[in-house]
Amino acid sequence: MGIVTVATTPQSDLHDLDTSVEEVDEGDDAVRRAAGVGESSRASRHWWDRNADEYQDEHGEFLGDDRFTWCPEGLDEADARLLGEVAGRDVLEIGAGAAQCSRWLAAQGARPVALDISYRQLQHSRRIDLGRGVEPVAVVQADAAVLPFADASFDLVCSAYGAVPFSADTAELMREVHRVLRPGGRWVFSVTHPIRWAFPDEPGVEGLTAMSSYFDRTPYVEQDEQGRATYVEHHRTLGDRVRELVGAGFRLIDLVEPEWPAGLEQEWGGWSPLRGRLIPGTAIFVSERG
């Protein structure tokens, strides 16, 4: 089975998607401005297609081929068990990247489907499966806010730093997840801890001084010379996330804020031992469908 592509972005943009990797434009401007659903989705698809190779090269060793880690702090599902029992369960991973988490789930006896907006990321999933000589993980290319599945298709839905921060309408994303989950199913996702939005995204001491308002929900946008968004990330407060979940029909079971573990010296972007020992870097929301 190949990569199933579902056209959930405007048809006029589909011709731009191919298997080539474009050079990243280092001249893009970083601004805070409004960015809607369509613009955010297009920017995410193109950005991850351009940067998937570099991302996998840089972080592939940490992520592993079949490791389910929730965050740069290295909290693994094998230890945390936030999803509960996975054997025999139908599981949807959204924002799956190269499907490392789904591959771990399959090894535990689950039936995972890995969904990502980036075709290039899913090609890396195929590369890993072919290299290992194992049964390929089922993968689907689609936007997580427009899930191409029937109601009540899955027992569990999960996302490790995927899709949620890049979606302009996460309230709708939560409703979509609720729709495809069976009653009693869990929805667990990790994102950058919202408090980090008040601080510069720097691993050193410059990242320890709050420079922005935690309450400013204006998206972070990188844009080209024509003002077209090339990367978009959206901020929500902890309260916003809880209200989105409850509004979609979920019950919040737990909010996990992993501490930086002793012995981990690896930096990942703005994540570092220095910052991690002082302020939280990740928030993991564990919820259940009513």
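This is a predicted model: local features need pLDDT of at least 70, side-chain atom pairs count only at pLDDT 80 or more; totals for chains, interfaces and linings use all residues.
Local features were taken only at pLDDT of at least 70 and side-chain atom pairs only at pLDDT 80 or more, whereas totals for chains, interfaces and linings use all residues. Residues are numbered from 1 along each chain as its sequence is written, and side-chain values rest on heavy atoms, with hydrogens and water left out.

The protein chain contains seven helices and 11 strands, these being DSSP runs (H or I, at least four residues, for helices; E, at least two, for strands) numbered from the N terminus. Its radius of gyration, taken over C-alpha atoms, is 18 Å, close to the 19 Å given for 290 residues by the globule rule (2.2 Å times the number of residues to the power 0.38), so the chain is as compact as a globular protein of that length. Of the 290 residues, 54% count as buried, where buried means under 20% relative accessible area, exposed over 50% and partly exposed in between (1.4 Å probe, protein chains only).

An open sheet is formed by three strands in the order E2-E8-E9, with antiparallel pairing, two strands being paired if DSSP finds at least two bridges between them. Strands E2 (29-32) and E9 (229-233) are the edge strands, each pairing on one side only, and the twist averages 20° from one strand to the next. Helix H1 (residues 37-63) packs on this sheet, touching E8 and E9 (contact: heavy atoms within 4.5 Å), and its direction makes about 105° with that of E9; axes are lines fitted to C-alpha atoms, for helices over the stretch in contact, and angles run from 0 to 180 degrees between N-to-C directions. Strands E2 and E8 (residues 220-223) pair over four bridges, with Glu222 of E8 as the bridge partner of Ala30.

The structure holds 20 salt bridges, each defined as a side-chain nitrogen of Lys or Arg within 4 Å of a carboxyl oxygen of Asp or Glu. One of them joins Arg120 to Asp53, with the closest N and O atoms 2.9 Å apart; because Arg120 lies in helix H4 (residues 119-132) and Asp53 in helix H1, this pair ties together parts that are 67 residues apart in sequence. Arg120 is buried, at 19% relative accessibility. Another salt bridge, at 2.7 Å from N to O, links Asp90 with Arg111. Asp90 is buried at 17% relative accessibility, whereas Arg111 is partly exposed at 44%, and both residues belong to a salt-bridge network that also includes Asp155 and Arg182.
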